[in-house]
Amino acid sequence: MALASNKIKSIGAAQSPLLGAAMFSPAVLYILLLVGGPFFLAIFYAFSDARIGNAEMHFVGLENFRSILQSPSFRVAIRNSFIFTICSQIVVTVGANILAISLEKTFRGRGLIRFLILLPWVAPIALGAIGWKWILDSIYSVITWALVAVHIYKPFSAPMWLGEPRLAIASVLLVHSWRLMPFSTVILLAGRTAIPKDIPEAAAVDGAGFWRTQLQIVIPMMRPIISVAVLFGLIFTFTDMTVVYILTAGGPFDSTQTLPSLAFALGIQGSDLAAGAAISLFLVPLLVIIAYFMLRVAHRAEVN
Amino acid sequence: MAKGISRRFWGKLVHVLVLTTFTILLAFPFYWMLITSFKQNLDLYTMENNPFLFNTKPTLDHVKFLFTETRFVRWLGNTAFVGVVVVAITLVLAVPAAYSLARLSGRWGERLGIGIFLTYLVPPTLLFIPLSRVVAYLGLQDSLWALILVYPTFTVPFSIWLLMGFFKSIPKELEDAAMVDGLTRFGAFVKLVIPISVSGILTVVIFTFTLVTQEFVYALTFISSESNQMIGTGIPIFLVRGDVYYWGALMAACLIASLPIAFMYNLFLDRFIAGFTVGAVK
Amino acid sequence: MAVVETRDLTKVFKEGQLGAVNHVNLETREGEFLVFLGPSGSGKTTLLRMIAGLETPTSGEILIGGQVVNDLSPRERRIAMVFQSYALYPHLSVYKNIAFPLKAQNVKKELHKEKVEWAASLLGIGALLDRKPRELSGGERQRVALARAIVREPAVFLLDEPLSNLDAKLRASAREELERFHRRVGTTTIYVTHDQVEAMAMGDRVMVLNKGVVRQLGTPTDVYDNPADTFVATFLGSPPMNLAELGDVIVGFRPEHFRPAPTISDAAVPFRFKVENIEYLGSEWIVSGTLVGEKLEGKKVFSRLSSAQNLQLGCMYDFAVPQSYLKFFDRSSEKRVAPRVVSWH
């Protein structure tokens, strides 16, 4: 009996916690040092007057936050961040659902279409955004040319897509939606293929037409996966500065600035580390909320 | 009879229309890069010309310019170098960590796994300011090594997350059998689990590499000199001289850099998706 | 209520390949319980799905209630179907699951409650209406699926292996419940299964399919006692009918008719039988072994006996089959032919 219990122990030891710790601790240590560390450093900077090129720094309390909150460009940035994030997610979710439905069945050329549709997501966004910058060029824009060709605008009277605040905001929104639609589509597609074929068939036999089957059965069943796509989409757009930086660099007149791009403009380009850090900390509350919902979705999926 | 046929016809028509519209909307910028890359400047910058057509003969001038007059090739090289090193670091850190989190630890493993997943949600735009100081402190400004140091902050968490799912799908009995047959736990990991997981590890390799090529914020913050740029920053910043955009060369550069990455990503797409769906799809 | 008819119905999935369903002609009777029985890949489910409108036939016609329905969508065919997985809508409560067909067919909203309650009480699930499908047991799910099927009062019921997801114990009671249900509503029902016990127990008639071809359509006694060919003969019955090739015929006899010679008083064909294995199954014994002597030397056969206590492994016994229980099949076509005289030795 004693021998037997010994044996069991030794098998238990094969689950060796030491070996386990040895295997994951390098990664955990690295993440603590280079994600955790900088994160607290960011908080630290936000309460200081740190500047690039100035070794000294002092604790200044809420001073940075106070001056940020009073700055008009910050208010524009936070407004834009929300506009871009929310509007693009609406466009993306509607579009991706339609697209996922049309890509669900196999047909000839589906692989090619899928590749083409995916390009905006899989190609580096900095490069895709330059493509758009050329399409939206102030003089040689193909869109302008087409609008002139169909006589909506007279030559030389067409608007400058990236030169007027409202149009620039719409353009950034467009590029964000363009970028995330493929991502959302493939995730929703994965969700669709995970629904047993029986279910839409049962709905068809029960007398439901195409729309009723989609709206009352399939899409409600896909709620968890749609939330995943939306949550990731929110994060990607909310924290992105590449699109804005390349398309408009925040302009014209800071009208397309977002929290990350403003943080970059002040913190790195303007050398005011403290202000930059304080601005980027405003990303945290939304990230925390999203993370909470993400874990809830994952947890529910595990329970079911 | 006719009713069924006409319904099917309309259904098909709508399907084709929807697909064409979306495909054109999404792929258009890349088509536009393609056309622009081969147009003569005279053609590009004459407003009366129909931009959809070649109004003058196609030319390779822009591509030649790109490869001879710019540091484009150097940037490709930089990107490949950083990519390879980051892949290596990511594998060394993520593979054992993912395995131990998937197998060895109980509740703590689960908590750590969630923690790792959450770090993936921490964006570069939150960390680039403090990290720029860390990089400066280490004397790595304007060095590719700064990127090599920092890039694993986003490749490691997601790779661990992906691999954990992969390792969990390997039946435990397999390792039990190996240990009964005389291998140690670590031996079973090296000799059994890793060979079985080659495709999962390959996914991580490709994924890490594409993430490195797509990164922008850190490269923009840490790298300043022209010859140390990655493609993502070199093209938009250094192919523009002052206010002059070399659109032909720019578009050629975008296309040439994008397509291989897109192809790689596409091959492993389904696996990446599995990493994003957080178990919401079984 | 309605009659389902198929005329020369064929489904070919991939051009150039053998059809999944080939030239099936079939006519149900009013209110009958018809079973499609066959091994997997026999085309029974494809046939059912074509009747439901979930699969487009390659050629041939389907009629429901005398009307050609080939071009009607499932919703226009006035059918109800219960799927193998039950296909309950996981995000809807039981009540909403049952009400869904009413909603989908634009039945007036005021009538929903009454109809759902009627269907639920018919199946004894009135207490489950607020639950979600995942909170139900297998048997309860089946009942919800049936309630959802009956609620719109369909012309035809189609059931696709509805019992295969239940464990063995539950299956017997669910089977009985289904039978009672059918007797009560009297709707024409087509039931697909690979389980011969279900087919025999439930079917008014059984249609045996193999490789997309109808092998036999008849009452359970018909298909068991008078199988149309060797496939039906061996597919039904466990252990299957013993078959022996003799010249240009195949002779068959059921294990229960292959008995010790002394117990048979009618004219019978005698055999020497060497016992090689004995299984005790509680109510019966399955004895297997080989025939000894002449043409059938070494032929493996089964016997099903109510008692085998005096048989011993490795010993030889005199067994026999009554003449009247012998079945004859043509050797090349494998179809049943009239009894004839064969030389056994």
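Which residues of helix 2 of chain A are buried? The legends below take this up, then move on through the predicted model.

**View 1. Helix 2 of chain A and its buried residues.** This is a predicted model: local features need pLDDT of at least 70, side-chain atom pairs count only at pLDDT 80 or more, and totals for chains, interfaces and linings use all residues. Residues are numbered from 1 along each chain as its sequence is written, while chains are lettered from A and ligands numbered from 1 in the order in which they are written. Helices (H or I, at least four residues) and strands (E, at least two) are DSSP runs, numbered from the N terminus. A residue is buried if 20 or more other C-beta atoms, placed from the backbone, lie within 10 Å of its own. In helix 2 of chain A, the buried residues are Gly20(A), Met23(A), Phe24(A), Ala27(A), Val28(A), Ile31(A), Leu34(A), Val35(A), Pro38(A), Ala42(A), Tyr45(A) and Ala46(A). Helix 2 of chain A also has a kink of about 40 degrees at Ser25(A), shortly before Pro26(A). The bend is the angle between axes fitted to the seven residues ending at a residue and the seven starting there.

**View 2. The contact between chains A and B.** Chain A brings 81 residues and chain B brings 78 residues. Two residues are in contact if their C-beta atoms, placed from the backbone, lie within 7 Å. Helix 2 (residues 17-46) of chain A gives the most to chain A's side, with 17 residues.

**View 3. Confidence along chain A.** The predictor's confidence in each residue is its pLDDT, from 0 to 100. Chain A averages 86, and 93% of its residues score at least 70. Over residues 1-14 of chain A the pLDDT is below 50. Where pLDDT is low, the predicted coordinates should not be read in detail.

**View 4. An open sheet in chain C.** Four strands run in the order 11-12-18-19, with antiparallel pairing. Two strands pair if DSSP finds at least two bridges between them. Strand 11 (242-246) and strand 19 (336-337) of chain C are the edges, each pairing on one side only. Four bridges join strand 12 (residues 249-253) to strand 18 (residues 327-330) of chain C. Val249(C) has Asp330(C) as its bridge partner in strand 18 of chain C.

**View 5. The two domains of chain C.** Domain 1 covers 4-225 and domain 2 covers 240-337. These bounds come from an automatic or database domain assignment. Taken over C-alpha atoms, the centres of the two domains are 39 Å apart.

Notes. Buried ≥ 20, exposed ≤ 12 C-beta atoms within 10 Å, placed from the backbone.
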